[in-house]
Amino acid sequence: MWRPLARASAPLLRVPLSDSWAAPPTSAGLKTLLPVPSFEGVSIPERPKLRFVERAPLVPKVRREHKNLKDIRGPSTEATEFTEGSFAILALGGGYLHWGHFEMMRLTINRAMDPKNMFAIWRVPAPFKPITRKGMGQRMGGGKGAIDHYVTPVKTGRLIVEMGGRCEFEEVRGVLNQVAHKLPFPAQAVSRETLEKMRKDQEQRERDNQNPWTFERIATANMLGMRKFLSPYDLTQKGRYWGKFYMPERV
């Protein structure tokens with residue numbers, strides 16, 4: 001019993017008197033820190049916070065429009081690039097933004113941001129598309145219902161809100177993702193670098209694809225008579241943005 005105790009109390013490192021060998025000196029680990037970013041060319045506007053969005057247009061529309069789902073189908077051709085900010089919310093699908101979504105984004109971002117070092121701007125217009133609805137208990141027929149509210153159509157690949165200023169992406173990523181999860185379509189927070197990387201990765205996947213039987217080739221050639229099962233949007237959007245065989249990761 002005494003032998004283990006004696007061994008435990010003995011010093012773990014014994015250095016002999018001779019200079020034959022010696023214990024290596026202890027040294028602290030070296031840390032490689034990234035350089036501090038410089039925000040020299042960044043300017044904060046006079047009104048850095050998101051502005052209030054009206055529930056209805058200043059001149060309400062009298063004419064009732066068709067549903068026209070083309071407004072949310074396919075890739076967006078507007079507001080796909082950054083303008084003033086460096087971080088944004090990117091729409092990964094199509095849908096409609098109601099006035100409640102605008103208020104949710106405005107209140108959440110304005111409360112979390114620092115107006116002295118950050119700013120945010122809208123990249124989508126205020127609700128302008130009229131949506132009709134009939135009252136409860138009405139019978140069928142009688143024509144189209146009255147205008148109930150207005151919405152803003154959004155397509156895939158459009159930036160919804162931009163943020164910038166003297167801040168980094170990690171400081172605003174949590175707030176932007178919190179807002180993106182509450183939208184009626186899939187969305188995520190991106191920066192200039194991450195957005196460019198996403199586009200390069202998609203181009204690299206299309207370039208490195210070794211499967212000759214792509215969806216576009218099969219649908220265009222009408223192999224096995226599959227045209228009768230496809231929708232017109234499967235041919236125009238190639239199964240990537242809309243249709244019965246919609247797959248967002250399709251090459």
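Predicted model: local features only at pLDDT ≥ 70, side-chain atom pairs only at ≥ 80, totals over all residues.
Residues are numbered from 1 along each chain as its sequence is written, and side-chain values use heavy atoms, with hydrogens and water left out. Local features need pLDDT of at least 70 and side-chain atom pairs count only at pLDDT 80 or more, whereas totals for chains, interfaces and linings use all residues.

A nonpolar core is a set of buried Ala, Val, Leu, Ile, Met, Phe, Trp, Tyr and Cys residues joined through side-chain atoms within 4.5 Å; buried means under 20% relative accessible area (1.4 Å probe, protein chains only). The largest such core has 30 residues, and Leu-97, Met-105, Ile-109, Ile-160 and Leu-183 have the most contacts inside it. At least two residues of this core come from each of β1 (87-91), α2 (99-112), β3 (118-122), β6 (159-165), α3 (169-180) and β7 (187-191). Helices (H or I, at least four residues) and strands (E, at least two) are DSSP runs, numbered from the N terminus. The largest share, six residues, is supplied by α3. Beyond its neighbours within four places in sequence, Ile-109 is in contact with Leu-50, Ala-120, Val-161, Met-163, Val-175, Leu-176 and Val-179, where contact means heavy atoms within 4.5 Å. A second, separate core of six residues includes Leu-90, Leu-159, Val-190 and Leu-195.

A pocket is an open set of points on a 1 Å grid over the protein atoms alone, where a 1.4 Å probe fits, with protein on both sides within 12 Å along at least five of seven lines; lining residues have an atom within 4 Å of a point. The largest pocket holds about 750 Å³ of space, a volume being the space filled by probe spheres set on the points, which are joined across faces, edges and corners. Its lining has 22 residues, of which Leu-92, Met-198, Gln-202, Arg-240 and Tyr-241 are the closest to the centre. Eight lining residues come from α4, which gives the most.

Notes
Buried < 20%, exposed > 50% of the residue type's maximum accessible area, 1.4 Å probe, protein only.
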